[in-house]
Amino acid sequence: MSHIKSLRDYLDALEAIGELQRIESEVDWHLEVGAIIRRSYDLHAPAPLFTNLTGYRDSGMRLFGAPASLSAARHPLARLALSIGLSAESTGQQIVDVLADARSKPGIEPVVVDRAAAPCKQHVMVGDAVDLTVFPTPWIHGNDGGRYIQTFGTNIAKTPDGSWTNWSINRMMIHDKATLACLLPRTQQIGIIRSQWIEAGTPMPVAVALGVEPGLPVVGAMPLPQGVDESHYLGAVFGEGLELVAAETVDLLVPASAEIVIEGYVAIEETVPEGPFNEYPGYNATESSPKAALHVTAITYRDKAILPVVAAGPPVEEDSTVTGTAAAAEILHLLREAGLPISSAWYNPEAALHWLTLAVRRDWHETTGLASHELVAKIAEVVLGGPAAVHAPKTLVVEDDVDITNLAEVVWAFATRSHPDVDRGEFHYPRKLTDPLAIYLNAEEQHGFSAGKVIYNCLLADLYPTDRRPSKGSFEHGWPAEIQARVLDRWSEYGYR
């Protein structure tokens with residue numbers, strides 16, 4: 001396993017496999033950058049690195065788009081795999097397994113380095129010198145409410161008693177040169193921590209680290225339990241501690257290799273306008289609303305800093321790849337911890353975090369003695385009982401003869417195995433914790449973070465005797481191994497290319 005410790009090393013790794021596109025032509029940060037990133041998503045093109053931005057050429061600062069989206073067909077999950085130390089060719093299930101397995105390991109504390117050894121300290125702005133506009137922050141979508149500097153960074157906050165540090169991703173828009181407008185939902189962990197600071201009557205100290213090592217945004221999107229420090233967990237993934245350094249004006253440790261670190265305090269009551277902003281369900285947002293104000297007290301950054309950018313919207317982009325994969329890993333860990341016969345879990349990225357698929361071992365009926373509706377009920381108790389499945393309004397449960405990372409196979413299994421009735425095929429669960437961004441929610445559901453969810457039962461093992469269960473008629477399952485090998489060996493002889 002290879003631990004990529006900086007964004008710049010990550011760019012080198014992408015370039016080595018043909019997944020980085022340097023764009024040296026002048027590109028406008030106002031909308032043009034966002035449109036190019038969006039187009040790169042649609043084509044599964046290499047990630048764009050913008051080196052010549054209108055009005056910022058002399059600074060040498062750069063923008064990096066599509067940092068963890070899908071890549072070319074030969075290694076579609078390369079960006080995500082490299083981020084957590086795997087080879088570019090790794091499969092979705094291998095990525096999920098690595099993240100889930102690390103949940104059972106003890107966390108590894110970070111290594112604190114001296115200021116002089118921290119690249120993020122090459123330039124320092126403090127107090128009146130703070131100016132967010134020195135960075136080429138893009139206006140991403142045509143109908144956004146402003147320039148979003150935080151779309152793929154890491155927000156760092158800790159409880160007033162210092163017992164828990166949380167690392168998360170939450171969008172932030174520039175309000176003026178020293179103020180950010182922040183989306184900090186009260187149900188998310190950073191919102192829970194903020195509520196403790198409000199109760200203490202003190203603005204919440206926060207650091208926003210941008211351009212961090214690629215594994216950090218992955219774990220920042222993972223719904224780990226309250227009290228778990230994501231930096232310690234990522235240390236367990238790699239088997240070594242992350243390198244952190246003390247911030248300038250807040251009592252927090254920040255990634256030493258970060259491209260940009262913004263420090264400040266989130267006001268107790270003060271708000272500023274934020275939004276609209278295109279989000280992961282894939283629809284244009286239409287309204288601005290008051291959000292928490294973050295008053296910046298310091299900014300540190302590297303020479304020729306690189307700002308990563310996500311152009312959120314229809315799948316597939318980082319909300320689907322990063323948030324979905326990290327959440328699937330946590331769900332897999334919880335289901336295994338509960339002793340359930342689960343092989344894997346996967347948020348099909350094409351479904352924009354609205355569709356979770358679970359693979360159950362094919363021998364589940366023999367080993368558990370349960371009927372499928374009983375197994376579904378146990379799965380629901382784990383999956384729908386906490387924040388890990390906040391993004392799963394619809395869950396499919398299939399046997400693991402289905403490759404759940406292959407959308408075509410999932411659609412086939414859903415269409416042919418789920419009985420369209422409420423006694424066996426569909427199980428509805430009202431008023432479960434939900435993300436409020438789904439466009440079908442009414443106002444009460446959005447504001448209450450609560451809505452109905454459904455699990456579709458696509459299991460077959462309890463319907464047939466063991467020797468009469470339907471078998472896939474696929475190439476891999478429908479012909480003897482020697483015939484498969486002969487056909488593969490002679491494929492070009494047949495005239496195929």
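## Arginine 417

Arginine 417 is buried, with a relative accessibility of 10%; the term means under 20% relative accessible area, with exposed over 50% and partly exposed in between (1.4 Å probe, protein chains only). This is a predicted model, in which local features need pLDDT of at least 70, side-chain atom pairs count only at pLDDT 80 or more, and totals for chains, interfaces and linings use all residues. Residues are numbered from 1 along each chain as its sequence is written, and side-chain values use heavy atoms, with hydrogens and water left out.

Arginine 417 belongs to helix 11 (residues 407–417). Helices (H or I, at least four residues) and strands (E, at least two) are DSSP runs, numbered from the N terminus. The side chain of arginine 417 makes a polar contact of 2.8 Å with that of aspartate 401; such a contact is a pair of N or O atoms within 3.5 Å, where within protein one must be able to donate a hydrogen and the other to accept it, and residues adjacent in sequence count only if both atoms are side-chain atoms. Leaving aside residues up to four places away in sequence, arginine 417 touches several residues, including Glu399, Trp412, Cys458 and Lys472. Contact here means heavy atoms within 4.5 Å.

## Cysteines

Cysteine 458 is buried, at 0% relative accessibility. A search of the whole structure finds 0 disulfides, a disulfide being a pair of cysteine sulfur atoms within 2.5 Å. For cysteine 182, the nearest cysteine sulfur is that of cysteine 120, 20 Å away. Cysteine 182 is buried, with a relative accessible area of 1%.

An open sheet of 4 strands has the order 1-2-3-16, with mixed pairing; two strands pair if DSSP finds at least two bridges between them. Strand 1 (20–23) and strand 16 (306–309) are the edges: each has a single partner strand, so one side of each has no neighbour in the sheet. Strand 3 (residues 62–65) runs parallel to strand 16, joined by 4 bridges, and phenylalanine 64 has proline 308 as its bridge partner in strand 16.

Helix 1 (residues 7–16) packs on this sheet, touching strand 1, strand 2 (47–50), strand 3 and strand 16, and its direction makes about 55 degrees with that of strand 3. Axes are lines fitted to C-alpha atoms, for helices over the stretch in contact, and angles run from 0 to 180 degrees between N-to-C directions. Helix 2 (residues 32–43) lies across strand 1, strand 2, strand 3 and strand 16, at about 160 degrees to strand 2.
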